Structure formats: structure tokens, C-alpha cells
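Here's a quick briefing to read with the model open beside you. Take the topics in any order you like.

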Amino acid sequence: MSLLLPLAPTWSLAAAVSPADTAWMLVATALVLLMTPALAFFYGGLVRAKNVLNTMMMSVAAMAAVGIAWALVGYSLAFAPGGALVGGLDHLFLRGVGLDAKGTLPHLLFMAYQATFAIITAALISGAVVERIRFGPYLAFITAWSVVVYAPVAHWVWGGGWLAKLGALDFAGGTVVHVNAAAAALVAALIVGPRRDYGRQAQLPHNIPFVVLGAGLLWFGWFGFNAGSALAANGIAALAFTNTLLAPATTLLVWMLLDQLRSKRTTAVGAATGVVVGLVAITPAAGYIGPLSALLLGGFAALPSYAAILLRSRSALDDSLDVVAAHGIGGTTGALLTGVLAQAVWGGTDGALFGAPRQLLWQAIGVAAAALYSAGASFALLKLIGKLVPLRPAARVEGMGLDLQEHGEEAYTTGEGAILVIPEEALPERAPAGLPLPAPAEGAF
Amino acid sequence: MKLIVAIIRPEKLHDVLEALFRAEVRGLTITRAQGHGGEMERVETYRGTTVKMELVDKVRLDIGVSDPFVDVTVAALQRSARTGDVGDGKIFVLPVEKVIRIRTGEEDVGAVTPVTTG
């Protein structure tokens with residue numbers, strides 16, 4: 001009970017809380033949370049039918065595991081006053097996080113908004129290890145990762161840590177979210193290892209409409225992600241919002257052109273991927289660059305990620321859903337271009353193109369630091385969990401698909417051959433309607 | 001001539017096709033099937049409704065071969081479809097009265113000999 005006491009003091013809606021900002025951020029928080037089920041559809045469509053439920057649950061369960069870890073511990077490590085590397089413990093168990101103003105928002109709303117970021121970032125990692133990691137160890141990993149890796153890196157950039165003091169620009173999380181998750185994804189793909197049939201047989205997406213649906217919902221939610229990162233209902237939010245519309249539009253166009261050049265066809269999976277890459281790339285820049293710069297940035301961002309996907313699919317690295325190419329390469333491109341295209345007149349500080357070439361260096365340092373720390377800590381966490389429990393299911397389970405073993409469900413069952421199991425105590429005198437089949441006689445099949 | 005009917009696990013289909021290809025068995029038909037072969041029953045739950053799945057997804061292969069290919073085909077099937085667990089499937093070898101290739105009217109051995117396209 002004593003834990004709950006700090007929440008009891010009398011709140012007075014401080015004058016500093018802005019109703020307009022609060023209204024927008026309530027909506028933005030809901031928008032960002034929607035991105036996680038959207039990711040479930042995006043990833044779920046890309047895997048085979050026998051693993052779609054497991055893949056979707058890897059995103060869905062992050063809302064529980066990471067959301068709770070964030071409220072109890074992660075938020076404090078990211079945003080409580082602390083040092084250059086990590087926040088303090090003042091807000092542990094949400095102590096002191098109430099309705100008083102944090103900026104112009106109720107502190108609790110700020111915490112909730114940031115929680116949705118932690119959730120989607122951890123869920124992004126799953127794309128590198130789908131179809132072959134056991135559900136329990138996966139959940140343990142992303143939960144620990146959100147506390148040990150995500151929270152400190154968020155502190156570096158947004159919580160007043162060393163990258164913020166250095167002057168690295170990351171408006172909505174190109175480095176904190178995308179580069180960070182991609183580095184963990186790369187390490188996870190290497191440690192967990194490739195799917196047993198990777199490189200031996202084609203592993204095709206089982207539901208491309210799901211992929212397109214997911215990409216569409218991600219774009220919708222991303223307006224909350226980028227425009228919400230202004231933390232206010234103001235001009236910067238409008239700029240970030242518009243850039244979130246424009247940049248993915250050019251990435252999508254260039255991606256379709258690249259598809260057309262390479263294979264004489266524009267593919268739907270390619271279009272969905274292009275949208276996501278564009279969204280990733282504009283994330284660090286959204287509130288710092290002008291709208292025409294956003295069009296440029298989006299178009300340019302398609303090139304390195306497109307090349308990375310082609311390279312990866314010919315390599316031995318089973319980053320199954322291209323987290324590294326889309327989020328790592330896309331996030332790095334966006335972070336570096338932020339350092340080129342940022343303009344003081346649009347709310348940033350001037351970038352390389354506008355007379356401050358050193359900004360590019362700060363951007364590179366930010367990307368490298370987040371990637372190195374995330375990779376190192378993810379390696380340690382996965383090795384530790386791997387020592388305690390096996391990360392991989394048996395070959396037989398991987399062959400049958402993880403949906404059956406891990407979740408006891410099939411995504412597309414016809415119900416044929418399903419016999420109702422009625423609990424003994426609920427049985428009347430007569431036999432149940434669905435008699436179980438007798439044990440098969442010798443020779444029957 | 002024989003008709004070889006094999007019931008296998010869907011996840012072994014790729015391995016089986018590869019083995020058959022290496023054994024130079026080219027003509028075949030596959031069908032998605034469901035069956036029961038004494039596997040341990042699977043229990044699944046959907047919103048509190050618990051069911052036992054008595055039928056398991058399988059793939060059925062129908063392969064018409066000339067006599068010299070019977071043993072080769074059976075060996076390739078058995079080697080590639082086996083996991084060692086209950087539910088690996090069955091291979092049936094059936095006599096065939098007559099085979100006719102629709103396009104050319106060739107019969108029997110001629111009809112099951114793969115066409116070499118230049």
C-alpha cells in the first residue's frame with residue numbers, strides 16, 4: 001500500500017499544463033500504441049502461415065511486458081534526473097509521476113507517451129528472429145532489453161544525457177528507436193542463428209494484404225510518433241506531421257521505380273517496405289527540416305535500404321524481415337541527413353548544408369554510440385538468457401511451425417477433425433455429442 | 001508400372017521433392033490432404049473452447065513410374081520424408097493397368113517416361 005501513497009497527494013492542475021497540448025498528446029499516445037498491433041500485421045503477413053500467430057504475438061505481448069517494465073523501472077532510468085549515461089531512480093514505480101506539469105503536459109501523460117515508444121522499439125527486434133525463437137526467452141529478452149538498453153539510450157538523447165549535451169539531433173527517435181532496435185536485431189539474428197531451412201528453400205510471405213494493412217496502420221500511427229514528439233500542439237508538430245506525410249511519399253515513389261528498374265514490376269511488398277523505410281528515415285529529422293528537404297530526404301533514403309535488402313537476401317545473415325536494412329540503414333540515413341538538412345529557421349540548428357558541417361559529426365557519433373551499446377548489451381543479455389534456457393525450439397517444432405507448439409492454435413484452421421473436449425464434471429449421464437475416435441487399429445491410417 | 005502413393009508431412013515436402021528430383025523422378029502430382037496416422041492428439045484452445053485435433057495436415061503424392069524406378073522412388077521417399085516421430089506417413093505401391101499420355105496418346109512406359117525438352 002505504501003507504494004500507492006505517493007499518488008495520493010492533492011493535485012492542482014498547475015497553470016503550466018496546457019489543455020491544447022494535453023488534448024493532442026492524448027491522441028498521439030493512442031496513435032503510437034496502435035503502431036505495435038500494426039507491426040504485428042506487417043510482420044505477420046511476411047512470415048509463413050504456420051508462424052503467423054507467434055509472429056503477431058511477439059509484437060502484441062510487448063505491450064504487456066515492456067509497458068509494465070517501463071512504468072515500474074524503465075521510465076525512471078530514462079527520464080528521472082540523473083547523470084550523462086543513465087537517469088536516476090527518483091521515478092521508480094512511478095514515484096512523483098502525477099498530474100503536475102512536465103513541460104506543458106501532465107507528467108503521467110508524458111510517461112504514457114514515452115511508454116508507447118519503448119513498446120514499439122522492443123517489438124521491432126522480433127523481425128530478425130521470427131519463426132525460430134521460443135516465446136518465453138524472447139519475452140524475457142525484450143523486457144530486459146527495454147530496461148537495460150532502451151531506457152539509457154533514451155536518456156542520452158531525450159533525458160538530458162550526453163548526446164543531448166553534445167548537440168546530436170534526434171527529433172522522434174531515428175537513433176533511440178530505429179538504430180537502437182536494429183543493432184539489437186542484428187545481434188539477435190546472429191546469436192539465435194538462421195532458420196533451419198534458410199537458404200535451402202524459399203520462405204515466402206503468406207499474406208501480402210496483411211503486410212500492406214500493417215504498413216498503412218504504421219503510417220497512420222507514425223503521425224503520433226513524429227508530430228507527437230513536439231510534445232505540444234504547435235507549429236513544430238505541424239511541421240513534423242507534414243514531413244511524415246511527404247518523406248515516405250518520395251521513398252515509396254523511388255522504391256517503386258527501383259522495383260520497376262530491377263524486375264520490371266512494382267511489387268506490393270516492396271511498396272509496403274518503402275513506406276516503412278521512408279517513415280524511419282524522416283523520424284530523426286521530422287521537426288528540424290523543411291518540407292522540400294523532407295521530400296529530398298525521403299527519396300534519397302530509399303537507395304541504401306533497397307541495396308541493403310538485396311545484399312542481405314544473398315547473404316548468410318537470416319535477418320528474416322530485414323530489420324537491419326529498414327530500421328538500421330534507414331535510421332542511419334535519416335540521422336545523417338538530419339545533420340545535413342536541418343535548418344534553424346525550421347526549428348532545428350543548422351546542418352551541414354546550411355553552414356554547420358560539424359552537425360554531421362555529432363549525428364554520426366550518436367548513431368555509432370547507440371549501435372555499439374545496443375549490440376554489446378544485447379549480446380550479453382541473449383548469452384545470459386541462452387545459458388538459463390534454450391533459445392531455439394526443437395527442429396520438429398520449427399518444422400511444424402511455432403503457432404501449434406507455443407500457442408496451441410492455428411491461424412487458418414478449418415475445424416475439420418476438431419473434437420470438442422468437455423470437462424468431466426460438465427458431462428450429463430449420456431455420452432458427449434462428439435465422441436473421441438477410438439484408438440486406431442493396427443494398419444489403419 | 002506402378003502408381004506410388006505417398007502420404008507425408010507438409011513440412012517435409014521440400015526435402016522430398018528435392019530427393020525425388022535427384023533420383024530423376026520427374027512426373028508427380030501433389031494434393032493437400034488431412035488424415036490420422038496414430039499421432040499424439042493435439043489439444044488446441046480457442047477462447048475457452050478446447051478441442052482435440054484428430055486430423056493432421058498431410059501432403060499426398062501420386063507418382064506413376066516404370067518398374068525400374070519403383071525401388072529408387074520408394075527409397076528416395078523413405079529417406080527424405082522420415083523424421084523418426086509418429087506421423088511420418090506411408091508409402092503405397094499399387095499396380096497400374098494402363099497409363100496414357102493425353103497429349104500424344106503414348107501408352108504405358110512411354111507415357112511415364114519424362115519428355116526431354118530441347
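**A glycine in chain A**

Gly334(A) sits in helix H11 (residues 323-341) of chain A; helices (H or I, at least four residues) and strands (E, at least two) are DSSP runs, numbered from the N terminus. Keep in mind that this is a predicted model: local features need pLDDT of at least 70 and side-chain atom pairs count only at pLDDT 80 or more, while totals for chains, interfaces and linings use all residues. Residues are numbered from 1 along each chain as its sequence is written, and chains are lettered from A and ligands numbered from 1 in the order in which they are written.

- Gly334(A) counts as buried because it has 33 C-beta neighbours inside 10 Å. (Buried means 20 or more other C-beta atoms within 10 Å of the residue's own, exposed means 12 or fewer, and partly exposed is in between; C-beta atoms are placed from the backbone.)
- Gly174(A) is 160 residues away from Gly334(A) in sequence, yet their C-alpha atoms are 6.8 Å apart.
- Leaving aside neighbours within four places in sequence, the contacts of Gly334(A) include Gly174(A), Val280(A), Pro284(A) and Leu297(A). (Contact means C-beta atoms, placed from the backbone, within 7 Å.)

**Nonpolar cores**

- The largest nonpolar core has 144 residues, and Ala185(A) and Leu218(A) touch the most other members. (Such a core is a set of buried Ala, Val, Leu, Ile, Met, Phe, Trp, Tyr and Cys residues joined through C-beta atoms within 7 Å.)
- Helix H2 (residues 52-79) of chain A gives this core its largest share, 15 residues.
- There's also a second, separate core of 16 residues, with Ile4(B), Val65(B), Leu77(B) and Val112(B) among them.

**Chain B overall**

- Chain B has three helices and six strands, running β-α-β-β-β-β-α-β-α along the sequence.
- Its C-alpha atoms fill a box of roughly 60 × 30 × 25 Å along the principal axes.

**Helix H2 of chain B**

- The buried residues of H2(B) are Phe69(B), Thr73(B), Ala76(B), Leu77(B) and Ala81(B).
- They cover an arc of only 100° around the axis, so they lie on the same side of H2(B). (The arc is that of the directions from the helix axis to the C-beta atoms.)
- Pro68(B), Asp71(B) and Arg79(B) are exposed, on the face of H2(B) turned away from its buried side.
- Among the elements covering the buried residues of H2(B) are strand E1 (2-8) and helix H1 (13-22) of chain B.

Notes. Contact = placed C-beta atoms within 7 Å.
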